[in-house]
Structures are given as C-alpha cells and as structure tokens.
Amino acid sequence: MDSSRNVLEEVVEEGEEKNGSVEFKSQLSRDIHLADENRKDSLAAQMKYRIMSGDGEATYVVGVTDDGTITGLERDKFKESIDVLSFLASEVDAHIDDVSTWNETNDAGENRIVGLVTILNGPETQGNTNNLIVGTAGHVDHGKSTLIGSLVTGESDDGDGGTRAYLDVQPHEVDRGLSADLSYAAYGFSDGEVNHMNNPNRNSDRSKIVEESDKVISFVDTVGHEPWLRTTIRGLVGQRIDYGLLAVAADDGITQTTREHLGLLIATELPLIVAITKTDMVTDERVNEVELEVEKLLRHVDRTPLSMVRHDVDTAVDEIGNSVSPVVRTSAVTLEGFDILNGLFENLPKREQEKGDFRMYIDTIYNVSGVGPVVSGSIQSGEIEQGDELLIGPFQDGSYKKTKARSIEMHYYRVAKAQSGQMVSIALSNVDLDEIERGMTLHEKDSNPTSTKEFEAEIVVLNHPTSITDGYEPVIHLETISETSVITPMNKNMLAGDKGEATFRFKFNPHHVREGQKFIFREGSSKGVGTVKKVRG
Ligand SMILES: Nc1nc2c(ncn2[C@@H]2O[C@H](COP(=O)(O)OP(=O)(O)OP(=O)(O)O)[C@@H](O)[C@H]2O)c(=O)[nH]1
Ligand SMILES: [Mg+2]
C-alpha cells in the first residue's frame, strides 16, 4: 500500500465541498453515465464547474461515495471509471493529468482500488512526434510476432510461442499458433534507455510508453500464413510504414512467401531491415549459409545487403534507404541481435512526411460504447487537433459528410494534436458506425476532397500465369482501400515482367485516389504493382 495514503485520507476527510474543486464518485460506467445524453451533459457541466472552482484544476476521488465512505472498485470497473472521466474531460477541453491509486481490502477480503484523479483545464500536450512505424513481413512461423514481443518487453522467448502471445491475442490465434490479423505493439527510448512494456496487451502499459518516451516505435505485426495475404498487404500498404522488417528463420531459410513479401516491400519502396531469426536453433555454418542466401536475394531485387556482423549501427543508419538493407542475426531466445535492432530503431530517421491538409485513410473501425465510432489509421498528411471539424467519405454517391474529432489517442494515450506519420485512433461525432467503411478517408473540412471511380496507372505485372487482357478483375490494395476493379490495359496482353499503362475502374464504390499513389493489384496467384498517373473522376 502506498505510504502517501494520508493524501487520500485528507481529501476524503475534508469532504466534497459544495462550491469546491473536489468531487467524489463511487463508480462511473459507460453504459450508465455516457449512454444518456442528459446525464453525460450534466456530468460534463459538473466537471467544468469543479475545474473553474479550482482555478483550472479539479480533483476526482474515484471509489468513494458522496458521504466519504471508501468502497473501492474492481480493477476493470476502476479503469472504466477513469475512461469515462477522460471522455468527460475531453468534452470540456480538459485532460487527466495524473491518477494516484491505493489498494483497499473490503469486508469480504476482496482487493479494491481507490483513486485520486487530477484534471487540468486545457487539452493535453501533443503526443510523441518523434516516432517510427515498423511493419513486419515473412513466412508463417518465422518468428515475426515473437521478435516483436521480445523487443517490446525485453524478455526472451521460450522457443515455444511464449512471447508471441503478446501479439496473438485472439483465441483462435492462440490455439493454432498463427497470427490471423494485424496486431500492434510499441516500445520507446528516452535518454538512451529502452522503455519496455510489461504486458503489451494492457492499454495502460502502451499509453505509458507514449507518455514516457522521447521516441516511440510502433509495430504493425502482419501475418505469414498464405490465405491471409490480403491482411499482410493491408498491414504493409495501409499504414504509413517507415521501415519493413522481414523475418527469415535460420532453420527454414528463404521460402516462396519470403520472396513474395519481399516483393511487396520493394513494390511499396520501403526501406528494409532483414532479421535472420532463430539463430539459436542452428549451427553457425547454417546461419552463414542463410545470410548468403539473403544477400543473394536482396541483390536480385537491387538492394545492397549490409551485414551487421561486419558493420556498426551508425553505418547502417547512414546508409539505409532504398538501396541498402541491413541484415541482422537475431534470436528471441538468446536475445542475440537485440542491441543492434534497438540501436537501429533508436537512431533511424522517419521517412519524409507530407505537409498540407489533414488526410487519413481509415483502417479499423471500433464501437466504443458511450463514445460512439472510433477509427484508426496512420495520418497521411497534415495535422489534426481535438475538436477539429472534418469530412468523412466518399459515400456511394461520391459525397462526403461533416464529422468532428471528439478526441485523439496514440496507443491509448490521449493527445490534443497529432500529425502526419503517426498512428492514431480518432473518436468521431455526427456519423454512425454502420456508415463508416475501411478505405474511406478523413479530410480537413475545407479541403474539397475528390472521389474517384476510374483512374489511369502505370503498372508492372509481377506474376501472371497467362496474359492480362480486358475484363481481368483484380482486387486493388491502395492505402487501406481493398476493392475489386476492372482493368483495361492500354497494350493488350501483358505478360509477367511487362510494364505498361492501364485503366482501373472500381467495381462498386468510389474512393479517394491521388496521383502518385502506389498500389498492389492481384487475383489468385497473379499480381502486379502500379502507380496512379491520372485520376479520371
Ligand atoms: N528457438 C527459437 N524459437 C523461436 C524464435 N523466434 C520464434 N520462435 C518460435 O517459433 C514459433 C513461431 O513464432 P511466431 O512468432 O508465432 O511466428 P510468426 O512469424 O509470427 O508466425 P505467423 O504470425 O503465424 O506468420 C514460436 O513457437 C516461437 O516460440 C527464436 O529466436 N528461437
Ligand atoms: Mg505472428
């Protein structure tokens, strides 16, 4: 128990003054306190009043009844109460500055939590702008999730799926030992120290990383299992990834999936780090052999391998780019190579960011009860501030609709502002959950966003069993858009390896498409990459 418990006792002793800045709450729940507009408004008004009474600072005592009886709350209910307070604070342009907690044992001998929450007027300062987004790729079971799990926690793996559990959280993933959806994790650096997480599944651990680090590394962990290629592509083209991290297991070596994922990373022009994983499982000779294979493969796609056995982190940081790719030997069991990876992530620069109007492609849509729809994705350009009016769309008829950013979070950490290259979740108002779809965009309110059904592109056919002719209907993956299109090549009958021009028409919905965007198209085993040349409307 915290020795400063007398702080709590003093506050409780003084009680809730009618005109003061202290408010007691036994419990706050989304369903009761946020679902009803009247109740929500009056709680927000009360908070505003408390903040004013305290000259910009209010204290909420959570787990204590109006008359000062300390009842405490179970962990989940306490957390939900804090979430509700955080939401109310954002409604009145304030933020939670600090939460102190104490453990109480109730009469039944159960462990309960009481907390003192300090709320300050004004929005929170900007979240971490110094950040990197790293996307994983590689064959199924080659150790992607394990590498990320061990990196962010600093814990070694048992070689039997121990640390990937932090990334594979859905029951069917745990059962089968396969990642089935994208997962996200983060760790950070401050003053040369690594800030690890104890448990990446705990939202509070993730928000702490953002709060405490000078630089935050966010990972998008993709999936290696072939049937989920669509998800892998979504992870690699749908976020503003700064670096790709390709895992190649030292025992299996390079596989067809390795080649395929490398192809995707190269097509999207991402700088790349190759991690040879599981070095603890094989002999040194075998590791050398796999590294040679990797070097050969990289040269084949016009990248120069930079062996981290022979070069240091500074050299890699200077040289990495679209031509040079560092190759690092790693083991999640012995933690070989982890210093090098940490050194790289701490020092690698973020890719250049687009300035201009705010724009974000929506990746995932959540419903948070009492709050409404929350969308997540990486900001493509510009800045966003809590309270900004935005446009969302395009809808079926090509139109956009007004919405508003009620609040913004980075890895569960509430921020007042965010900018291009950051991965955020944005709570929206004036729009219904079932109207929003992945692939839609958010824009600054006066930016007049376009909507497109048809565009011209320059394409390269990577793999196609026969020849591409009119009427071929591939799925286009462009940012977070993934939709069937009808292709009309300018030069008929393009074969694998051919370069040319083609027109694409989305089959169902219009989307926001911009000149210069890169995309991937595929149907079955055939694939190609393209660059948008002209948007036709
Ligand atoms: N010995 C040893 N085992 C490892 C290492 N890295 C991963 N493993 C084991 O390899 C298995 C597969 O690892 P995952 O991290 O799930 O592989 P993945 O690439 O994420 O697989 P998918 O997400 O399904 O594509 C797990 O049982 C891990 O414990 C390592 O460095 N050494
Ligand atoms: Mg995985």
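How are helices α3 and α4 oriented to each other: roughly parallel, roughly antiparallel, oblique or roughly perpendicular? This is a predicted model, in which local features need pLDDT of at least 70 and side-chain atom pairs count only at pLDDT 80 or more, while totals for chains, interfaces and linings use all residues. Residues are numbered from 1 along each chain as its sequence is written, chains are lettered from A and ligands numbered from 1 in the order in which they are written, and side-chain values use heavy atoms, leaving out hydrogens and water.

The axes of α3 (residues 37-53) and α4 (residues 75-91) come within 9 Å and cross at roughly 75°. The two helices are therefore roughly perpendicular to each other (65 to 115 degrees, with axes fitted to C-alpha atoms over the stretch in contact and angles running from 0 to 180 degrees between N-to-C directions). Helices (H or I, at least four residues) and strands (E, at least two) are DSSP runs, numbered from the N terminus. On the α3 side, Lys 40, Leu 43, Ala 44 and Met 47 meet Leu 85, Phe 87, Leu 88 and Ala 89 of α4, contact meaning heavy atoms within 4.5 Å. By class, this contact has 7 nonpolar, no polar and 1 charged residues (Ala, Val, Leu, Ile, Met, Phe, Trp, Tyr, Cys and Pro count as nonpolar, Asp, Glu, Lys and Arg as charged, and the others, Gly among them, as polar).

Next comes a pocket. The lining of the second largest pocket comprises 29 residues, and Gly 263, Ile 266, Ala 267, Leu 462 and Val 529 lie nearest its centre. A pocket here is an open set of points on a 1 Å grid, reached by a 1.4 Å probe, with protein on both sides within 12 Å along at least five of seven lines; lining residues have an atom within 4 Å of a point. Helix α9 gives the most to this lining, with 8 residues, and the elements that each supply at least two include α10 (284-300) and β23 (454-463). The lining has 11 nonpolar, 8 polar and 10 charged residues.

Some backbone details remain. A cis peptide bond, with omega about -5°, joins Gly 393 and Pro 394, and Pro 394 sits in the loop between β17 (389-393) and β18 (401-410). Asp 191 has a positive phi near 50° without being a glycine; its place is in the loop between β6 (183-190) and β7 (193-195). At 72% relative accessibility, Asp 191 counts as exposed (over 50%, with a 1.4 Å probe and protein chains only). Tyr 412, not a glycine either, has a positive phi of about 70°.

Note on methods:
Parallel < 35°, antiparallel > 145°, perpendicular 65-115°, else oblique. Buried < 20%, exposed > 50% of the residue type's maximum accessible area, 1.4 Å probe, protein only.
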